[in-house]
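Let's take a walk through this structure together. Keep the sequence and the model open side by side as you read.

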Amino acid sequence: MSAAIVVENLQRAFGEVLAVQGVDLEVDEGEIYGFLGPNGAGKTTTVRMLTTLLLPTGGRAVVAGHDVVGEARAVRASIGVALQEAALDPLMTGRELIRLQATLQGLPSAEGKRRADDLLERVDLVGAADRRVGTYSGGMQRRLDLAAALVHEPRVLFLDEPTTGLDPVSRKTIWEEVKTLNDGGTTVFLTTQYLEEADQLADNVGIIDSGRLVAEGTPASLKAEIGNPHIRLQLEEGSIAAAEEICGHLGRLLPPVDGKTVLVEVEHGAGDIPRVVRALDDAGIEVGTLELVHPTLDDVFVAKTGYHLERDEKNAEQEPAEA
Amino acid sequence: MSRLAVNARVVRALGMRSIRQTFRRPQLMAPILVFPTLLLAVQTGGAGAAVNLPGFPPVQSFLQFMLAGAMMQSLMLAGNSGGIALAVDIEMGFTDRLFAAPISRFTIVLGRLAGTAALGLFAALWFLAIGLVFGAKIESGVAGALIAIALVTATALAVGGIGAAIALRTGSASVVQGFFPLVLVILFLSSAFFPVELMIQPAKAIAEYNPLSFVVEGIREPIISGIDAGDTLAAVLSIAGIVVLGLVLSARALRHRLRAG
């Protein structure tokens, strides 16, 4: 499989401040790559360099086979971009915006009109197509922004925090659309500060903190890196000792949390469940509830950066501004 | 489709957007049409006797004399409004959408200028129509009217280039808006609203060399007397100078903005 994005030692300085400090990453064709990090970590700066909106001060990047500095126009013809906080003109109508985007991408007028109609239908904005964008809800604006980014059927789609500030329903709609696009073969580079978003959508995740890539891999491999999943068993109090004896042979017993629960770390996750259930059943032990507990991306984030992403982001938002 | 044809289509599309934006945002439209029209009404109503002053050029009426000034005021403010609109685009990130497209990035500036030029054309037609409705005569007829319209349109484009340069350099609508009083001062220090011959020093000296005075006279002469090749040429050269200045400054500001990100 060929690479849609190759980034080598990418750097960007603003004066004395190094916003991106030598990022290396590779995104395969047809992949969804989740670029995860808190505000100010360097996500948007990286995306702006990859989309030719900002010149790197070091390193190189190749997008859709073209160098972002030397072949910027070819890069721009191959990518779709929906930047943070949908950059829409509130005085234009949705239809006008998509048709303008089609013109910017060099599509003939009739083709632009046809694509605009198709895309408006696809993102469920036909009824609002001739209304000014300023009257749209946040979710509608994001859907319109996404539709505009797709007008020329780009090979690589950059989505910079596409669901920030959206309600759960609108967020899910965007996720479904991203999955559909990816199923159609589009490579998606998605920045997010939502762990669940990266977990749900991304084939591979890169975690950026203070301008450096601190971890990269599939969500499963990143979680596995910091520990295997464990099975949580709720049992009758009298059967705990026997269950621990059996489970101790099937995996590593974890310290108990109460007198009714057995925790056993297993190597193969769900694949180990039948083995555990069979062994307990053979011993005549009745299982109340059974749950497979995976390490979360937040656990990975904490392990790599030393702090929680979403909780610390929320705390930062709630803290009063310094005088 | 050739790259030139694609860029021409982009300039046209962005120009159309610019015009729609102006008509849909009253705060952009008001300075272009409403204020100059009100000022024209107030000045012709209140200072009409100025035409009897010794040294005042021979004119049919003060309204006839003032039409060129009203057009200049309108197009200068159209250039300023165009700059404000471009700065708003930068502030809200809309220019990123344009910069991320596979087009020559200078077409973004040219699209804005095309829109400003179209507003200049609209202003020329508006004030000529007002003049005709209220009895002003275009002394050199249709040919003179066409020259005036062409000069106003070209000047709007030229002034728009300066507005675009300020917008691109600062990226701030409020800074561009801050040039609004300066625009009026420069205009009052020209022959737009009063004959240079009747001004006193040092305003007279400034007005004599103010390029806008040459443009004003190029527009005014066909209206109040007849087509004068010398005045027209001086206006064209002044406009060309402002166009070159605006385009050079815009190109430099654009390069700076793209480099700084």
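In chain A, strands E12, E13, E11 and E14 form an open sheet in the order E12-E13-E11-E14, with antiparallel pairing. Helices (H or I, at least four residues) and strands (E, at least two) are DSSP runs, numbered from the N terminus, and two strands pair if DSSP finds at least two bridges between them. The model is predicted: local features need pLDDT of at least 70, side-chain atom pairs count only at pLDDT 80 or more, and totals for chains, interfaces and linings use all residues. Residues are numbered from 1 along each chain as its sequence is written, while chains are lettered from A and ligands numbered from 1 in the order in which they are written.

At the edges of this sheet are E12(A) (252–253) and E14(A) (287–293), each pairing on one side only. Two bridges link E12(A) to E13(A) (residues 261–265) in the antiparallel sense, and here Arg252(A) stands opposite Glu265(A). Helix H9(A) (residues 240–250) packs on the sheet, touching E11, E12 and E13 of chain A, and its direction makes about 5 degrees with that of E13(A). Helix H10(A) (residues 273–282) lies across E11, E13 and E14 of chain A, at about 160 degrees to E14(A). Axes here are lines fitted to C-alpha atoms, for helices over the stretch in contact, and angles run from 0 to 180 degrees between N-to-C directions.

Now zoom in on E11(A) (residues 230–235), where you will find Gln234(A). Is Gln234(A) exposed or partly exposed? With 13 C-beta neighbours inside 10 Å, Gln234(A) counts as partly exposed; a residue is buried with 20 or more other C-beta atoms within 10 Å of its own, exposed with 12 or fewer, and partly exposed in between, with C-beta atoms placed from the backbone. Leaving aside residues up to four places away in sequence, Gln234(A) touches Lys260(A), Thr261(A), Gly288(A) and Thr289(A). Contact means that the two C-beta atoms, placed from the backbone, lie within 7 Å. Gln234(A) and Glu291(A) are 57 residues apart in sequence, yet their C-alpha atoms are 8.8 Å apart in space.

Strands E1(A) (residues 3–14) and E2(A) (residues 17–28) run antiparallel and are joined by nine bridges, with Ala3(A) partnering Asp28(A). Their hairpin has two residues between the strands, and Gly15(A) takes a positive phi near 65 degrees there. E1(A) also pairs with E4(A) (residues 58–63), in the antiparallel sense over five bridges; Gln11(A) stands opposite Gly58(A) in that pairing.

Helix H1(A) (residues 43–50) has eight of its eight residues buried, so it is largely enclosed by the rest of the structure. After H1(A) comes Thr52(A), with a positive phi near 70 degrees.

Finally, look at chain B. Helices H6(B) (residues 141–170) and H10(B) (residues 211–224) pack at about 160 degrees, with their axes 8 Å apart. They are therefore roughly antiparallel (angles under 35 degrees count as roughly parallel, over 145 as roughly antiparallel, 65 to 115 as roughly perpendicular and the rest as oblique). Among the residues that meet are Gly144(B), Ile147(B) and Leu151(B) from H6(B), and Val215(B), Gly218(B) and Ile219(B) from H10(B).
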